Amino acid sequence: MNTGKVDVLLGLQWGDEGKGKVVDVLTPHYDVIARFQGGPNAGHTLEFEGQKYVLRSIPSGIFQGGKINIIGNGVVLAPDLFMDEAQHLEETGHDLKSRLHISKKAHLIMPTHRILDRAYEAAKGKNKVGTTGKGIGPTYTDKISRNGLRVGDILECFEEKYAAHKDRHMKMLASMGWTDFEGFEEVEAKWLQGIEYLKGFQMVDSEIEINRILRNGESILCEGAQGTMLDVDFGSYPFVTSSNTVCAGACTGLGIGPNRIGHVFGIMKAYCTRVGSGPFPTELFDETGDTIRQIGHEYGAVTGRERRCGWIDLVQLKYSVMVNGVTELIMMKSDVLDGFDTIKACVAYRLKDGTETADFPYEIDDVEPIYKELPGWKTDMTQFTSEEQFPEAFSQYVKFLEDFLETPITIISIGPDRAQTIIRK
């Protein structure tokens, strides 16, 4: 791996691609792992040694020996949820306080942000985005409008800063006529407990620390949350998250120059899923979609919500490869398609005016996917240990994807466990 370089790992679809497992597979090759954006709406699932872990805010490299993990300035942090997550890991024997560093410039999700989240969604009615309700959007809104409360604020005059921000939010809610504050006092009490808990961690100027690490010739893996199609600029707006999930977000979310970035690992599923509202061109509403959901256990790691399922969308993926500068592809959940007679891949869209395009358009609400059909491999691949064991039909599927996306697929996952990972030659 590139010493003194930053490599980036991110999702290329609508999130839920399986980033947690891949970070855990790649982290042995890096000195430091850093999260660069997103909040506790992420759910990075890792399974090994018979245990299952779901990480929301903590980088997925936390299970790798004594390596430093950094929560960057681009992340929004909920102290109470962070405390729950961290204490659970500490109970299972993972030492965090010496290895997890938190940027002072990361913004804090306040209890009132969650109420604002619900109020905004209710006001949108049928046009609601389908947020996780964790206050992430309102926190990023405060950040952009220069009204945010940051981790570094904990260190000085925090009580009065918090009171001023809370008062401002309460006035906003009153102006919207919002009256549902049920359970708020309990949530706030736990949140303030989380603030005390945070004081036990190293709060750092992460941009200075990261660049010092690079000058020392060490390597960093940057971990993104959500997926490219949820990027606030390049995703299916307005049904997106509130941060830049693309590769450029690693620069602004950690304070590193673009010339530092080496490999860009793009993660995709062998099919496609989406949670929440918004357009999804290849969505399946039939038995095939249900089958993919059941076999792939496509339910949100954090919310438990059913994921919408569909065939792989290569128009969308080619766009994601382009805007991220992807150098290597990682394909997850190939085993979910083991039993299908025929596999479909969307290779173009038919637009409302009847024309066809292979370029990702401004609006995707009413596009019709144009599919190429490929033969299924009808083989249980979950126990395979090398690519030489792949059936011919699967090898052809992989080659077809590589040719279309003009990018090599270097890692293929054939099951949820760390061991079920094929590193291709």
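Strand S2 (residues 32-35) and strand S5 (residues 68-71) run parallel and are joined by 4 bridges. Within this pairing, Val-32 has Ile-68 of S5 as its bridge partner. The model is predicted: local features need pLDDT of at least 70, side-chain atom pairs count only at pLDDT 80 or more, and totals for chains, interfaces and linings use all residues. Residues are numbered from 1 along each chain as its sequence is written, and side-chain values use heavy atoms, with hydrogens and water left out.

S5 also pairs with strand S7 (residues 100-103), where Asn-69 stands opposite Leu-100. Two strands pair if DSSP finds at least two bridges between them. Strands (E, at least two residues) and helices (H or I, at least four) are DSSP runs, numbered from the N terminus.

| Strand pair | Sense | Bridges |
|---|---|---|
| S2 and S5 | parallel | 4 bridges |
| S5 and S7 | parallel | 3 bridges |

Helix H1 (residues 19-26) is mostly covered, as 8 of its 8 residues are buried (under 20% relative accessible area, with a 1.4 Å probe and protein chains only). Among them are Lys-19, Asp-24 and Leu-26.

Helix H2 (residues 79-91) packs against helix H6 (residues 184-198) at about 60 degrees, and their axes, lines fitted to C-alpha atoms over the stretch in contact, lie 7 Å apart. The contact (heavy atoms within 4.5 Å) includes Phe-82 and Met-83 of H2 and Trp-191 and Ile-195 of H6.

Definitions and conventions
Axes fitted to C-alpha atoms, helices over the stretch in contact; angles between N-to-C directions. Buried < 20%, exposed > 50% of the residue type's maximum accessible area, 1.4 Å probe, protein only.
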